Structures are given as structure tokens and as C-alpha cells.
Amino acid sequence: YHDTEANCCNYYCPWREFNLKTIDVSILESCNLNCTMCEYDHRKNDEMADYYFYILNAIKNHQLNKIYLTQVGEPFFYKRQTMEYLQRLTPNDTKEVIIVTNASLLTDADIELLAEIHKTVKMRFVISFDGITKTTYETQRVYSNYEKVMHNAIKLNEYGMLIGINYVVNDLTKSELITAYNYWMTLNPYIVFAGLPDAHYYDRMYNTPEFQELLRLQSAKKPC
């Protein structure tokens, strides 16, 4: 990987050639949950994880604006490696890291450590949280714990690190969509609440009264 100019890998590196400032890295096929809408459920892929951390190290020292740890998979499934990587980051690597997570594996100690890292390199979190009641959430996000994730979300918000909620809208969660939106806006009006129609029946969810009401509320919201 690119630890120095003289010791560069031979792989094609677009962030160098095109002077990219934002890079999105996903940890595919590794997650601790078994969510009803996800095909990459409750599995690990160590070979993919090795490549994932290889890429993360390769993009260090490139003065990026943002690194996104997002898409399919749970970044904290390999928590030790992820936390160690985040601790090593400096402003010469990136100004900001945006992490999409189910937040179920974080502890108070983890969040306090992330808050310390946040003082040097901004740590921003988007939590995947469907439903607003324990029954709906735990039915959708199998193996997760409602109280723990809600606690972690509130704690991340207190440290100024929570910036978004991803809410998958399907037959199970649509009835709680507006209540959930109102709750998160009350907690922090600057949070970006993303209603994501379940990909298995996108059009049907998009056209439900609940989703259309969400769009109306969002359009009426004053810009942050």
C-alpha cells in the first residue's frame, strides 16, 4: 500500500490519478445481524475483510476530504481493526469519516474513544434504525437490541457525531415512519432522516400515504 512514494503498490489507484477527495469503502458480506430486507445477513467474509482493510490503508496519506464506510455490511463487525484504523487517522489522511452502522456492537467506551478521535478527525455516524418501537425494530433487525442501539444513538448525538438515520420502509415499518421521523427531529433537527423504500417492492412503498407524508414533512423543513 501507499505508505511512502517509494513503496507504492502496483495496483491501479484512481484516487491518485484523478485527485479524488471523497472515497467510499464497503465491507461486503460481513454483518452481525440478520435483517429481514438484507441478503448479506449474519455472515462474515474474512477474505473480503482483508481486502477492505488493505484498501483503507492504501488511501491514507492522500489528504482526502471524506472517507465513507458505508453500503452493504457492518463496519464494526471487525471492531478491533476498525477502531485501530480510526485511531491512526490524522488530518493528512482525511478531514472526516462518515460511518453507516447498525450501532449494535458499540459500547460506551467505544463511543468515548470515538469522541476523542472526533477532536482530530471528524467522526460522523448514520445509524440504520427501522421502526420506533422495540417490537418492530427487533423484528426487522434480527439479533439486535433496541435499548442498546437507542442508547448508542443518543450518546453519539450528545457528542455531536450523529448526522443521520436510515429507515427502511416496508410493510412492517411503514406504520411507524412518521412517528419515527418526529422522534428523531425532536432529538436533533439537523439529523438527515432518510426514508428508504425496501428495494424488494420500491414502487409500492414509495407511493404509500406514509411515505408521501414523509416527503411532505421533509419538503416543509427549513434548510439546515
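This is a predicted model: local features need pLDDT of at least 70, side-chain atom pairs count only at pLDDT 80 or more; totals for chains, interfaces and linings use all residues.
Local features were taken only at pLDDT of at least 70 and side-chain atom pairs at pLDDT 80 or more, while totals for chains, interfaces and linings use all residues. Numbering starts from 1 along each chain as its sequence is written, and side-chain values rest on heavy atoms, with hydrogens and water left out.

The sheet is open and parallel, with 6 strands in the order β1-β2-β3-β4-β5-β6 (strands are DSSP runs of E, at least two residues, and helices runs of H or I, at least four, numbered from the N terminus; two strands pair if DSSP finds at least two bridges between them). At the edges sit β1 (22-25) and β6 (192-197), each pairing on one side only. From one strand to the next, the twist averages 15° (axes are lines fitted to C-alpha atoms, for helices over the stretch in contact, and angles run from 0 to 180 degrees between N-to-C directions).

As for β3 (residues 94-101), 7 of its 8 residues are buried (under 20% relative accessible area, 1.4 Å probe, protein chains only). Strand β2 (residues 64-69) joins β3 through 5 bridges, with Y68 opposite I98. Strand β4 (residues 122-128) pairs with β3 over 6 bridges, and V97 has M123 as its bridge partner. Between β3 and β4 the chain passes through helix α4 (residues 108-118) in a right-handed β-α-β crossover (clockwise from the first strand over the helix to the second, with the strands pointing away from the viewer).

Helices α6 (residues 146-158) and α7 (residues 177-187) pack at about 35°, their axes 11 Å apart.

Notes: Buried means under 20% relative accessible area, exposed over 50%, partly exposed in between (1.4 Å probe, protein chains only).
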